[in-house]
Amino acid sequence: MEKNEMMVIFDSSSENESFARMVIAAFISRIDPTLEELADIKTAVSEAVTNSIIHGYKDEKGDIRMHASIADRELFVEIEDEGVGIENIQRAMEPMYTTRPDLDRSGMGFAFMEAFMDGLEVVSEPGKGTLVKMTKKMGAI
């Protein structure tokens, strides 16, 4: 299978979380994912985008970039922002940890991304933003 890729840039508005879900669903439709794969990917993308909106930009506006590619039935997704960044990535990835308890956040975003995708890597620097890289092998048993 040939490699296919796309890049979308959108505002860090909460309305765009559902937009990101629909874009990734449309992008992967050509490789005929199962309903479970589709739900997993949409959830992981949704969590990454929500993290950028809620934690990365807080009450500010900024751009979120979603880059995705498919090669040999493997999906690669990157969600990137230029927000506040993450001071301690290891701590941020702990289930139930949140920097926004004021918004009743559950602190499960990274845990869901890890559970629903085959690979997760988070790269961040305080004051410079965050890059979330996820992979999913389609049709894996």
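Is Glu 82 buried or exposed? Glu 82 is exposed, with a relative accessible area of 54%. The points below concern a predicted model.

1. The sheet. Five strands form an open sheet in the order β1-β2-β3-β5-β4, with antiparallel pairing. On average, neighbouring strands are turned by 10° against each other, direction ignored.

2. Strand β2 and its partners. Strand β2 covers residues 63-71, and seven of its nine residues are buried, so the rest of the structure largely encloses it. Eight bridges join β2 to strand β1 (residues 4-11), and the two run antiparallel. Within this pairing, Ile 9 has Arg 65 of β2 as its bridge partner. With strand β3 (residues 74-81), β2 likewise pairs in the antiparallel sense, over eight bridges.

3. The hairpin. β2 and β3 form a hairpin with two residues between them. Asp 72, in the turn, has a positive phi of about 50°. Ala 71 stands opposite Glu 74 in β3, and Ile 70 has Leu 75 of β3 as its bridge partner.

4. In soluble globular proteins, nonpolar side chains tend to be buried together. Here the largest nonpolar core has 31 residues, and Val 45, Met 66, Val 77, Ile 79 and Met 134 are those with the most contacts inside it. At least two core residues come from each of β1, α1 (16-28), α2 (35-56), β2, β3, α4 and β5 (129-137). Helix α2 supplies the largest share, six residues. Leaving aside residues up to four places away in sequence, Val 77 touches several residues, including Ile 24, Val 45, Met 66 and Met 134.

5. A search of the whole structure finds four salt bridges. In one of them, Glu 80 meets Arg 65, with the closest N and O atoms 3.7 Å apart. Glu 80 belongs to strand β3 and Arg 65 to strand β2, so the pair ties together parts that are 15 residues apart in sequence. Arg 65 is buried, with a relative accessible area of 17%, whereas Glu 80 counts as partly exposed at 29%. Arg 65 also forms a salt bridge with Glu 82, where the closest N and O atoms are 3.3 Å apart. Glu 82 lies in the loop between β3 and α3 (89-92), so this pair links parts that are 17 residues apart in sequence. Through shared partners, salt bridges join Arg 65, Glu 80 and Glu 82 into one network.

6. The side chains of Lys 136 and Asp 40 meet in a salt bridge (3.4 Å, N to O). Lys 136 lies in strand β5 and Asp 40 in helix α2, so parts that are 96 residues apart in sequence are tied together. Both Lys 136 and Asp 40 are buried.

7. Aromatic pairs. The structure holds two aromatic pairs. The ring centres of Phe 10 and Phe 19 are 5.8 Å apart and the planes stand at 75°, so this pair is edge-to-face. For Phe 112 and Phe 116, the centres are 6.1 Å apart and the planes at 15°, so the pair is stacked. Phe 112 and Phe 116 both lie in helix α4 (residues 109-116), four residues apart, about one turn of the helix.

Note on methods:
Residues are numbered from 1 along each chain as its sequence is written. This is a predicted model: local features need pLDDT of at least 70, side-chain atom pairs count only at pLDDT 80 or more; totals for chains, interfaces and linings use all residues. Side-chain values use heavy atoms; hydrogens and water are left out. Buried means under 20% relative accessible area, exposed over 50%, partly exposed in between (1.4 Å probe, protein chains only). Two strands pair if DSSP finds at least two bridges between them. Rings of Phe, Tyr and Trp (its six-membered ring) pair if their centres lie within 6.5 Å; planes under 30 degrees apart count as stacked, over 60 as edge-to-face and the rest as tilted. A nonpolar core is a set of buried Ala, Val, Leu, Ile, Met, Phe, Trp, Tyr and Cys residues joined through side-chain atoms within 4.5 Å. Contact means heavy atoms within 4.5 Å. Axes are lines fitted to C-alpha atoms, for helices over the stretch in contact, and angles run from 0 to 180 degrees between N-to-C directions.
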